[in-house]
Amino acid sequence: MDVLWAPWRMNYIIGPKPDECVFCVPSHTGQDRERLILGRARHCYVIMNKFPYNSGHLMVTPYRHVSCLTELSVEESHEMMEALQAVTAILSEAFRPHGINAGLNLGEAAGAGIAQHLHFQVVPRWNGDNSFMAVFGQTHVIPELLEQTYDKLLPRFSETALFADAGSGK
């Protein structure tokens, strides 16, 4: 039997769980790199998933702590859709995926890992990325370090008007 080492996953499994919502971030913290925040707009921001399904797994989330689409203002809703479009374009250019999954789970019963704060998942996909590892071993192989993915994507967000106009939280 082959052994796949993914020691970074242990931090998620047994590590301390924050008392506060991980998606409730201040508008400017100076910690965007540590938090893996790639782009900030007026009402929402884009953050990398620390425990991704694939390289380039991003999330679009509003700053405001809401759990359902019906709680978003018109401005938040429109900006989030604009951000999803920008993220799709950025991922398509940076990773050349064969497809992209984009969606959200509303509520724990629907599969939301953090149900209290709405967030869209955006995951690049490639033909064959559901290899035997994912299907039989229930294991995902991420071929790139999070920091490398961050460095690859950050310049593209800086060049995107939606995020450049809102300023950066660095």
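Reader: Over which residues does pLDDT stay under 50?

Author: Residues 131-137. This is a predicted model, and for that stretch it has eight contacts beyond four places in sequence. Where pLDDT is low, the predicted coordinates should not be read in detail.

Reader: What is the average pLDDT of the protein?

Author: The average is 82. At least 70 is the score of 76% of the residues.

Reader: What makes strand β5 mostly covered?

Author: Count its buried residues. β5 spans residues 120-125, and five of its six residues are buried.

Reader: How do you know that β3 and β5 pair?

Author: Count the bridges. Pairing needs at least two. β3, residues 58-62, and β5 have three, in the antiparallel sense.

Reader: How many aromatic pairs does the count give?

Author: Three. Among them is F95 with W126, an edge-to-face pair.

Reader: Why is the pair of F95 and W126 called edge-to-face?

Author: Start with the distance. The centres are 6.3 Å apart, and the cut-off is within 6.5 Å. So the rings pair. Now the angle. The planes stand at 75°, and edge-to-face means over 60. Therefore the pair is edge-to-face.

Reader: Where in the chain do F95 and W126 lie?

Author: F95 is in helix α3, residues 74-95. W126 is in the loop between β5 and α4. They are 31 residues apart, so the pair links distant parts of the chain.

Reader: Why is F95 called buried, and W126 partly exposed?

Author: Buried means under 20% relative accessible area, and exposed means over 50%. F95 has 12%, so F95 is buried. W126 has 24%, which lies in between, so W126 is partly exposed.

Reader: Why is the pair of F157 and F163 called tilted?

Author: Their centres are 5.2 Å apart and their planes are at 55°. Stacked needs under 30 degrees, and edge-to-face needs over 60. F157 is at 1% relative accessibility, so F157 counts as buried. F163 is at 3%, so F163 counts as buried too.

Reader: How many disulfides are counted, and what makes a disulfide?

Author: Zero are counted. A disulfide needs two cysteine sulfur atoms within 2.5 Å.

Reader: Is C44 buried or exposed?

Author: Buried: its relative accessible area is 0%, under the 20% cut-off. C68 has 24%, so C68 is partly exposed.

Terms used. Residues numbered from 1 in each chain as written. Predicted model: local features only at pLDDT ≥ 70, side-chain atom pairs only at ≥ 80, totals over all residues. Heavy atoms only, no water. pLDDT = per-residue confidence, 0-100. Contact = heavy atoms within 4.5 Å. Buried < 20%, exposed > 50% of the residue type's maximum accessible area, 1.4 Å probe, protein only. Helix = DSSP H or I, 4+ residues; strand = E, 2+ residues; numbered from the N terminus. Phe/Tyr/Trp six-rings, centres within 6.5 Å; stacked < 30°, edge-to-face > 60°.
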